[in-house]
Amino acid sequence: MADQSKTSATVHPPPTTNVRPPLPSNTSCPYSSIRPAPPTHHKHPHNTATIRQENCTFHCLFFTPFAIGSVIFFLPIITLMILDPELPKFRVDSVTVSNFNISPTTPPLLSGHFTVIISARNPNSKLTLSYNHLDAGIYLGSNQLSGTTLPPFALSKKNETSLTANFVAVGAYVDRAESENLVFNLKIQMKVRYKAGFWRRVTWLEAFCPGLSVRTNTVKSGSSSDVWSLIGGARSCEVC
């Protein structure tokens with residue numbers, strides 16, 4: 001019994017394993033110290049509002065005047081294209097000359113009472129026309145024999161009216177060659193206003209009616225009681 005108690009116990013080394021001990025928690029990721037931090041984006045509401053305000057200011061300063069200018073420039077053109085205004089039409093229907101006389105003096109003197117019937121027509125289908133300040137004159141060649149004024153009038157769309165112009169010439173100087181042909185001209189200067197709704201346009205126009213040839217109805221002319229009339233039918237007038 002004494003021998004067995006003195007016998008030394010055999011010490012065995014601990015078994016070896018391939019399991020590595022865990023790293024400390026603060027070094028669980030060895031590359032964390034060299035990995036760059038993700039970029040951070042800081043939103044600045046104040047800066048965003050400022051940028052938007054600057055953009056709005058730029059657009060307002062640039063595009064608003066451009067838009068207004070475009071409207072001002074193109075609106076009259078578009079309006080004219082839609083309304084398509086036409087010049088008024090004039091026509092001389094008849095000319096009557098009474099108490100007509102040309103003196104044998106040099107230069108000749110012409111006297112007579114002229115009655116001219118004129119037709120005025122509005123060719124526009126979308127516009128009404130108003131005529132004012134109508135000044136008419138009867139000419140023999142380049143010499144004005146007499147002048148008169150005509151009453152103002154208005155014409156609705158596609159409408160027509162008749163005017164009577166009376167001229168009295170007393171001792172008007174004329175050229176000898178012109179006094180032998182007796183081809184008269186008529187001029188009418190007027191102020192015309194185009195109207196369509198709120199749209200208005202005012203312009204000055206002149207109607208020129210050339211080639212108004214007259215002759216007497218009697219076989220033997222030369223008496224002051226003779227009546228001279230237009231030959232060749234009605235004459236259209238040039239309006240410009």
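Start by selecting glutamate 160: with a relative accessible area of 38%, this residue is partly exposed. Here, buried means under 20% relative accessible area, exposed means over 50%, and partly exposed is what falls in between (1.4 Å probe, protein chains only). Before you click on, a quick word about what you're looking at. This is a predicted model, so local features need pLDDT of at least 70 and side-chain atom pairs count only at pLDDT 80 or more, while totals for chains, interfaces and linings use all residues. Residues are numbered from 1 along each chain as its sequence is written, and side-chain values use heavy atoms, with hydrogens and water left out.

**Stop 1: the charged trio**

A salt bridge, by the way, is a side-chain nitrogen of Lys or Arg within 4 Å of a carboxyl oxygen of Asp or Glu. Strands (E, at least two residues) and helices (H or I, at least four) are DSSP runs, numbered from the N terminus.

Shared partners join Arg91, Asp93 and Glu160 into one network. How many salt bridges does the structure hold? Two. Arginine 91 counts as partly exposed at 31% relative accessibility, and aspartate 93 is partly exposed as well, at 28%.

**Stop 2: asparagine 122**

Jump to asparagine 122, in the loop between strand S2 (109–121) and strand S3 (128–140). Is asparagine 122 buried or exposed? It is buried, with a relative accessible area of 0%.

Show its side chain and look for polar partners. One polar atom there lies 2.9 Å from the backbone oxygen of serine 156. The side chain also makes a polar contact with the side chain of asparagine 124, at 3.0 Å. A polar contact is a pair of N or O atoms within 3.5 Å; within protein, one must be able to donate a hydrogen and the other to accept it, and residues adjacent in sequence count only if both atoms are side-chain atoms.

Next, colour the surroundings. Leaving aside neighbours within four places in sequence, asparagine 122 is in contact (heavy atoms within 4.5 Å) with residues including Leu127, Leu129, Leu155 and Lys158.

**Stop 3**

Select lysine 158, in the loop between strand S5 (153–155) and S6. Its phi is positive, about 55°, although it is not a glycine. Lysine 158 counts as exposed, at 55% relative accessibility.

Then go to histidine 133 in strand S3. Histidine 133 isn't a glycine either, but has a positive phi of about 55°. With a relative accessible area of 51%, histidine 133 is exposed.

Finish at proline 107, in the loop between S1 and S2. A cis peptide bond joins threonine 106 to proline 107, with omega about -5°.
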